[in-house]
Amino acid sequence: MLMSHAAEPSAYAELAIYQANVRRTFHYAVPEDLPVEVGHLVQVSFRTGLSQGIVLALSAESPVQRAKPIQAIIVPEPVVTPTQIAFARWLADHTLSPIASCLWLMLPPGIAKRSGVRYRLAEPESECPPEGTTLAAQVIALLCRRGAMTARQLDRALPNRAWREAIRPLLANGRILSEPILPEPDAEAHTVRTAHLLVAMERVPLLVQEMARSPKQAAALLSLAEQGGKCAVSDLLRDSGASLHALRQLAAKELIEIVEEERYRDPLASRHYPPQPIPTLTAEQEACWQAIRAAQDGEGGAFLLHGVTGAGKTEIYLRAIEHARAQGRQALVLVPEIALVAQTVSRFASRFQGQVAVVHSALSDGEQYDTWRRARQGEIGVVIGARSALFTPLPDIGVIVIDEEHDESYKQSPPLPPPYYHAREAALALMRLQRGVVILGSATPDVVTTFRARRGELTYLRLPNRVVISHERTTAASEAIAAPLPPVTVVDMRQELRTGNRSIFSAALRQALQETLARGEQALLFLNRRGAATFVLCRDCGYVARCPDCDIPLTFHKHGQSGQLECHYCGYQSTAPQRCPQCNSARIRYFGAGTASVAEQVESEFPGARVLRWDRDTAQVRGAHEAIWARFAAGEADVLVGTQMIVKGLDLPRVTLVGVILAETALSLPDYRAAERTFQLLTQAAGRAGRSSRGGKVILQTYQPEHYAIQAAAHHDYETFYERELAYRRLLDYPPYKRLVRLLFSAPNAAQAQRQAQEAAGVLRARILAEKLTATRLIGPTTAPFAKLDGVYYWHVLARTTDPLRLIGEPAAHWIVDVDPTNTL
């Protein structure tokens, strides 16, 4: 509901404008009769149309003359808090992004609306003309038949037609009129018709007996009483078999009342999480916990909790959250993948009954809107989610946990819209504002994070030993017992080929699988590739099937007895060829393995094995991640085959074997973090085995067994990897010794993208000279490693510098600026 004005200004407001792709803010006059507050979402006139704006500050004077007035308040209550505004200012400065793009991260779906244009005929036509042959005539016919139409409606009615250009003369001569519009937010509360019992429970049996001639009324009254005297009308009709007419008759007799009640859309509302025993902390855990508790009782702080896989980091998270709740504060828990949310919720909701909510992009718009409202009102104690959960408007956050802090999923990167923030850095800034605690947990911390911790920027906490939980005691507590990390066997697949083994399974992995299945235990098989084959090749002419929009090899996906080729970047699909389209040869071959072919091979070689596959292809529908995890955790499958989502933080005590099908899938990518990413994935994969008293082992298959990342992962040796990686980065001036900035340029043709990149490089070279940035070095301009995606061409420029903000200054509107990128692909 818009609250509009018609009065003189009483103050001036600094606004962030939703559609302004600039970093500056704008000033508007506040009408005297409009009760504008900091944080309000308002409607303003901007450029030639209307736009939403958020009030950042109020003042008695304006730095600009003739400030336009704010037209209306869109949402009655402020949509962001002063702390969120300060957080957004930091985020905008740190990422070189418009502050509006940072603020709108904090709003739920359905509130943000872009302005539009509505078209109508200046004079009504007595009779609608036929559509005619010209595009202008078709627009006139549409407006005559349908009345006023928005630009979006005309786009749908005339797809891929240049109607805007066609009606320009009609706008000029006044036959068609246009007006700016701004749709109202469509996010709204959800209401449910609810029946309430108006008589005492003890009277119900007698009343039911008196309704012998009205059996449906009697059934409804009895059912309502059995459900505690309050029930949704839809549930009551279903359970009692009564009709809506029968309920109305009961309401007329004043035995019940039917009212519209607001009901939150909460995906956890129907879930039950029974309490779990609380383990006794080991001495190492206790020392870490006491350090964190002291910070919570003081001015806050930031911690790197470096613990091997299975070291008990989660129990420390739980203690810190419990302490924050005792202080009356809230907690955020971030996980890198939506796939991990279900397991994390199970652990945390069992400890914090009725206090947990989830936030991630797979929720419906209504669920996200209701969670946002509940959080603002202080009705949620603990929020769990992916990186976007960081912007949940909890009133007083006391602790933020970032589990698997090394994971690059925490970084928002192109081609997603800005700001290109890292959740880790944003969390640290937010807790500085709120004097809270940040816990960065990982078995394989980011090299830069470890460097900063050992330099004193973060408090470094270590958990060097794995523990397993013993539940043999009958008390409410359980005991943590030290356990070794699983042994890792590295298999040289080159040697397997020399012995004639061309299977995707080495002899060692095949034997280990047989033994694991014979013992009734579970195995994980990890390969970071989806599909059945990674590329399709003609063995006569060398043709490779490629995506026409991305210039990347297509992946073969098998569907029953047939299959199709798919692009994993833009979604393009085509039929798998039977003959080469280039030379007509029938010698088409499928090369490379994916998760689908691995699962098929397991079923073929081990007919009795129950196999589950967990990757993006099998987890596309809502709830699929949780369903797959729950089935495997319940022992309904023997082997789980998957991509990287199965090796990130899952705690599966029945798994005693982990097989890495190919260790070096990412090792040769043209990215400075390729070795670190490989080490992290392999160490995390190995960490899924042996998380119970059963023990476990790991088989790691590779064609590069001598690589330092693979050797360090095989020995669970973070220190050796860290020192080797630091030496490499020191030599080449990569982070942590310099910061990186990536400027990306996109265009519908390669020449335009190249020209933009070259012009930007010239601007940067001039700034290096002007600002005397002698420690700054440019790489490029050059084509991006993925030079064409979804029909768009990309060039980029990389800069190694100590001061990204001084180097970039005020970026041009078409520059895509990614500060501290986690990859350069």
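Which side chains meet in a salt bridge at 3.1 Å, N to O? They are those of R164 and D155, a salt bridge being a side-chain nitrogen of Lys or Arg within 4 Å of a carboxyl oxygen of Asp or Glu. R164 is partly exposed, with a relative accessible area of 41%, and D155 is partly exposed too, at 31%. Here buried means under 20% relative accessible area, exposed over 50%, and partly exposed in between, using a 1.4 Å probe and protein chains only.

Before we go on, a word about what you are looking at. This is a predicted model, in which local features need pLDDT of at least 70 and side-chain atom pairs count only at pLDDT 80 or more, while totals for chains, interfaces and linings use all residues. Residues are numbered from 1 along each chain as its sequence is written, and side-chain values use heavy atoms, with hydrogens and water left out.

How confident is the predictor? The pLDDT, its confidence in each residue from 0 to 100, averages 89 over the protein, and 96% of the residues score at least 70. Where pLDDT is low, the predicted coordinates should not be read in detail. The helices (H or I, at least four residues) and strands (E, at least two) named in this text are DSSP runs, numbered from the N terminus.

Let us return to the charged side chains. The structure holds 46 salt bridges. One of them joins E457 and R452 at 3.2 Å, N to O; E457 is partly exposed at 42% relative accessible area, whereas R452 counts as buried at 18%. Another joins R729 and E676, whose closest N and O atoms are 2.6 Å apart. R729 lies in helix α23 (residues 718-732) and E676 in helix α21 (residues 674-686), so this pair ties together parts that are 53 residues apart in sequence. Both partners are buried: R729 has a relative accessible area of 0%, and E676 has 1%. The two also belong to a network of salt bridges that links E408, D446, D671, R673, E676, R677, E725 and R729.

Together with strands β32 and β33, α21 makes a right-handed β-α-β unit; right-handed means that, with the strands pointing away from the viewer, the path from the first strand over the helix to the second runs clockwise. Strand β33 (residues 697-702) is largely enclosed by the rest of the structure, because 5 of its 6 residues are buried. Two strands pair if DSSP finds at least two bridges between them. Strand β32 (residues 655-660) runs parallel to β33, joined by 4 bridges, and L657 stands opposite K697 of β33. Strand β23 (residues 488-492) also pairs with β33 in the parallel sense, over 5 bridges, with V490 opposite L700.

T516 counts as buried, at 1% relative accessibility. Apart from neighbours within four places in sequence, T516 is in contact with E521, Q522, A523, T656 and L657. The C-alpha atoms of T516 and V536 are 34 Å apart, although 20 residues separate the two along the chain.

Next comes helix α19 (residues 595-605), whose buried residues are T595, A596, S597, V598, A599 and V602. The cover over these buried residues includes β24 (522-526), β30 (611-614) and β31 (639-642).

Finally, the cysteines. How many disulfides does the structure hold? There are 0, a disulfide being a pair of cysteine sulfur atoms within 2.5 Å. The cysteine sulfur closest to that of C570 belongs to C547 and is 3.6 Å away, too far for a bond. For C580 the closest cysteine sulfur is in C541, also 3.6 Å away and too far for a bond. C570 is partly exposed, with a relative accessible area of 25%, while C580 is buried at 2%.

Terms used. Contact = heavy atoms within 4.5 Å. pLDDT = per-residue confidence, 0-100.
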